[in-house]
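The questions below are meant to be read slowly, with the picture beside you. Try each one yourself before you go on to its answer.

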Amino acid sequence: MAPIVLQQVQKTYRMDAVSVPALRDISLRLSPGRFSVIAGASGSGKTTLLNIIGCLDQADAGEVQVLGESVRSLSDNQLADLRARRLGFVFQNFNLLPVLDAYENVEYPTLRLGLSAAQRRERVGSLLEAVGLAEFARHRPGQLSGGQRQRVAVARALANEPELVLADEPTANLDSSTGATIIALMRRLQRERGVSFVFSSHDQQLLAEADEVFHIKDGVIDRQEVRA
Ligand SMILES: Nc1ncnc2c1ncn2[C@@H]1O[C@H](COP(=O)(O)OP(=O)(O)OP(=O)(O)O)[C@@H](O)[C@H]1O
């Protein structure tokens, strides 16, 4: 099943006297179990598109299917449930909770899943191990480097065992060698866990690693590359 299918999606931001057409006509189908990248210049509509795919924002027109569900037919509660149980998110600014340590940040999305304390400990411990941060479990974000914070964020994104992880410019705030490490980490976890990843990015290192690339320009997909 394609994790994401979009048909003729449109989105315009309307402010008092101005409207900004961010997505003009987007149709795409992501392949399952891949590294898919939405690439484009600043302002081309990548974040808007990723927010719609992640059910954080709604399209004005068109059809959006996320993990086989037609988003339009879901209630707000069902959308929240889809996000919490079946999607994972990684952000450019890491978005960790500053008062929680690394362990608690990774544990947080699991709290509403009905797991026992022992199951949570096992899951969080193995994720921190997988991202190489077992020794930093009790460090808060302010006590971690940018690369370490993004590792925590990647572990957190996988904590609910999602089918699809969305990552909005995940390497934008990292130097290129830390970015390369994070990309390799996500690639390893994607292969090991059979999860689909979709990124927005213009990072050449991430584009080089992609299985498929959707190039977006002025709110339309103007080119698609399939490599795997
Ligand atoms: N909340 C908003 N209100 C009004 N206009 C917006 C809003 N968010 C985005 N836009 C506009 O929509 C267009 C697409 O923005 P978007 O953030 O999706 O692009 P982007 O490709 O992610 O850019 P960047 O790489 O700089 O993050 C831009 O013209 C932007 O100014």
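A residue counts as buried here if 20 or more other C-beta atoms lie within 10 Å of its own, as exposed if 12 or fewer do, and as partly exposed in between. Please keep in mind that this is a predicted model.

Q: Which residues of helix 1 are buried?
A: Helix 1 covers residues 46-53, and the helix is mostly covered, since six of its eight residues are buried. Going along the helix with the cut-off above in mind, the buried residues are K46, T48, L49, L50, I52 and I53.

Q: Which helix gives the most residues to the shell around the ligand?
A: The ligand is surrounded by Y13, V20, A22, G40, S42, G43, S44, G45, K46, T47 and T48. Strand 2 (19-29) and helix 1 each supply at least two residues of this shell. The element that gives the most, with three residues, is helix 1.

Q: Why is G45 counted as buried?
A: Leaving out residues up to four places away in sequence, G45 touches A22, L23, G40, I216 and G219. The cut-off for a buried residue is 20 or more other C-beta atoms within 10 Å, and G45 is buried because the number of other C-beta atoms within that distance is 25.

Q: What separation is found between the C-alpha atoms of G45 and P21?
A: Along the chain, G45 and P21 are 24 residues apart.

Q: Which residue of strand 9 is the bridge partner of A39?
A: Strand 3 pairs with strand 8 (residues 196-201) in the parallel sense over five bridges, and in that pairing A39 stands opposite S201. Strand 3 is also joined by four bridges to strand 9 (residues 212-217), and these two strands run parallel. In strand 9, the partner of A39 is H215.

Q: Which residues of strand 3 point the other way from F35, V37 and A39?
A: Strand 3 is mostly covered, with five of its five residues buried. F35, V37 and A39 point one way from the strand, and the residues that point the other way, also buried, are S36 and I38.

Q: Which residue in the turn between strand 9 and strand 10 has a positive phi?
A: Strand 9 and strand 10 (residues 220-226) pair in the antiparallel sense over six bridges, and I216 has I221 as its bridge partner in strand 10. The two strands form a hairpin with two residues between them. The residue in this turn with a positive phi, of about 50°, is D218.

Q: Is Q8 buried or partly exposed?
A: Q8 is found in strand 1 (residues 4-14), and its phi is near 50°, a positive value in a residue other than glycine. A buried residue needs 20 or more other C-beta atoms within 10 Å, and an exposed one has 12 or fewer. Because Q8 has 13 C-beta neighbours inside 10 Å, it counts as partly exposed.

Q: Is F94 buried or exposed?
A: F94 lies in the loop between strand 6 (87-90) and helix 3 (102-107), and it has a positive phi of about 70° although it is not a glycine. Because F94 has 21 C-beta neighbours inside 10 Å, it counts as buried.

Terms used: Residues are numbered from 1 along each chain as its sequence is written. This is a predicted model: local features need pLDDT of at least 70, side-chain atom pairs count only at pLDDT 80 or more; totals for chains, interfaces and linings use all residues. A residue is near a molecule or strand if its C-beta atom, placed from the backbone, lies within 6 Å of it. Two residues are in contact if their C-beta atoms, placed from the backbone, lie within 7 Å. Two strands pair if DSSP finds at least two bridges between them.
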